[in-house]
Amino acid sequence: MPAEGGREPLIAVIDEGTMTIRFVVFSSKTRQELVSHKLDVVQKCPQEGWAEEDPQEILSAIQQCIARVVEQLPTHGLRVSDIVAVGVTNQRETCLVWDKETGEPLYNAILWSDIRTAVTVDHILAKLPDNNKNYFMPVCGLPVSTLFSATKLRWLIDNIPSVRKAIGEQRCLFGTIDTWIVWNLTRTNLGALHVTDVTNASRTMLMNLDTLNWDPVICKHFNIPPEILPAIRSSSEIYGKIATGLLEGIPISGILGNQHSALVGQQCLQIGLAKNTYRSGCFLLYNMGTKKVHSTHGLLTTVGYQLGPGCPVTYALEGSVAVAGTAVRFLRDNLNLMKDVLEAERLAREVKTTGDVYFVPAFSGLYAPHWRKDARGIICGLTQFTTKAHIIRAALEAICFQTRDILEAMHKDCGVPLTKLQADGILTGNKLLMQLQADICGIPVVLSNANDVTSLGVALVAGHAKGIELWDLTVEEDNADQIGDTFFPAASAPDRNMRYKKWKMAVERSLGWASTKKSVAMTDERYRLLASIPPSWFLLASFTLLTVSQALAAR
């Protein structure tokens, strides 16, 4: 789709992250960022383990970023009319509900990292055979966990009266953050688009990976009314046009969850390619092509992307590390080992090794491939010679060891080891970290020269959409010009394996620290199940057991 007057068409992106919102304009010729602006969003923690954001603040930040970029366009010789499409990428699993008549949120957005739904998880598990958290994995690819949107939605219904009332009055809408953004951008007096894409839907725990529809059985288990859920669409198509504001009339043609967007932005579009995003946590996605692989080693099966309606779905295996950059911030904020996280690399370089110190940053449990919510953080191997430099280096190595845990699991599931790992995210600026990653995993680590591959990924699918068609992502391209620094392993195999063995010993020591007792909710659920047995059955069973016991005693 050409811009007005034969000018170069541009692609704009709304990049809604956990803590930062950006609006970016890309060149269709070079695929480079031309103009951008970002703002931070305040994260609220009303109770321990809770994490929320104000949905209206998110919208306000988006509008401010758009206004700032539009203001800058003329200084770069650009116009708003040059923008031919908008893409949206967002933090996954974070979700909210709102009133479709007033447009007002019924509660704050509950973030992906929020763990308030532990009781809700126990309620669900109590109803499943053997309390099997993996019961739904053959359908949705995900275990029952506080991480995913379904448990957060169930908590909202159970605990917020205004949500239940709105559902009863058929005024309630549910969505992940992409849905909330698109609904507001397309809202008119006649209504608004209530949609999500397959990548975000695949992270709710409610979507069937085969049909790409909301699964009625899972919705029934969670007691979630399907009518409040958005329509599921592909990742690359024209969903509708922006209704008002500075971008009025421009089509929205791409939606991807942020980690899926990074997968596309890294050009991991062929089977066997993988990327790892290094931020507060780490998120490693492995392209499996059009064939699903159900992990037996603690990984998640998810949708990678779908490049248009009717196009085949590309699936991915995913492993998540809960604590990566957060561990470095912990050493700064809680232990005062440094004044700025940017000091971490310099301080860690002051020593050649960790001095046999290992840091397992399981602050609220371990994610893939362990999935142990009873794990807690430990630092072990301390001696009187240990310095803060050793501990900081151990924190960097912890990020690398956790990534190797995931790569080992992927190898077992897929049977083919990776030959390289493509890396992105803010932590890739730490060159020591990238070298340690190559040393610990034994494969090259390749950086992208793109400023932000997450924003780039959704720009690519938005430009690919039918009716926009600035490029064709189904055609394999030479992306050598997008490759940045490459870090090659310098450690020997015996050395890396010995260190990895000690890491696993440290992980074992981190397990079982938190109480694993069933919650009150689990006990109450069991009571209700027992109480539902008819009294006559209970008396008959009791009499039978008494008779059998007396007969055995007589023998």
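## Aromatic cluster

Tyr358, Phe401, Tyr500 and Trp503 form one aromatic cluster in this predicted model. Rings of Phe, Tyr and Trp (its six-membered ring) are paired if their centres lie within 6.5 Å; planes under 30 degrees apart count as stacked, over 60 as edge-to-face and the rest as tilted. The model is predicted, with local features needing pLDDT of at least 70 and side-chain atom pairs counting only at pLDDT 80 or more, while totals for chains, interfaces and linings use all residues. Residues are numbered from 1 along each chain as its sequence is written, and side-chain values use heavy atoms, with hydrogens and water left out.

## Aromatic pairs

The whole structure holds 14 aromatic pairs. One of them joins Phe136 and Phe222, whose ring centres are 6.1 Å apart with planes at 40°, so this pair is tilted. Phe136 sits in the loop between α2 (118-126) and α3 (137-140), and Phe222 belongs to helix α8 (residues 216-222); the two are 86 residues apart and link distant parts of the chain. Helices (H or I, at least four residues) and strands (E, at least two) are DSSP runs, numbered from the N terminus. Phe136 is buried at a relative accessible area of 3%, and Phe222 is buried at 1%. Buried means under 20% relative accessible area, exposed over 50%, and partly exposed in between (1.4 Å probe, protein chains only).

The rings of Phe401 and Tyr500 have centres 6.4 Å apart and planes at 20°, so this pair is stacked. Here too distant parts of the chain are linked: Phe401 is in helix α12 (residues 388-414) and Tyr500 in helix α15 (residues 493-510), 99 residues apart. Both Phe401 and Tyr500 are buried.

## Charges over rings

Arg404 lies over the face of Tyr500, 4.0 Å from the ring centre. Arg116 lies over the face of Trp50, at 3.8 Å from the ring centre. The criterion is NZ of Lys or CZ of Arg within 6 Å of the ring centre and within 35 degrees of the ring normal.

Ser320 is in strand β16 (residues 313-321) and counts as buried at 2% relative accessibility. Its side chain makes a polar contact with the side chain of Glu318 (3.2 Å). A polar contact is a pair of N or O atoms within 3.5 Å; within protein, one must be able to donate a hydrogen and the other to accept it, and residues adjacent in sequence count only if both atoms are side-chain atoms. Leaving aside residues up to four places away in sequence, Ser320 touches Cys282, Phe283, Tyr367, Ala368 and Ile406, contact meaning heavy atoms within 4.5 Å.

The UniProt annotation "domain: Carbohydrate kinase FGGY C-terminal", from an unreviewed entry, covers residues 281-465. UniProt positions are given in the numbering used here, feature names are shortened, and annotations may be inferred rather than shown by experiment. Over residues 281-465 the chain is 35% helix and 21% strand, with the end C-alpha atoms 31 Å apart.
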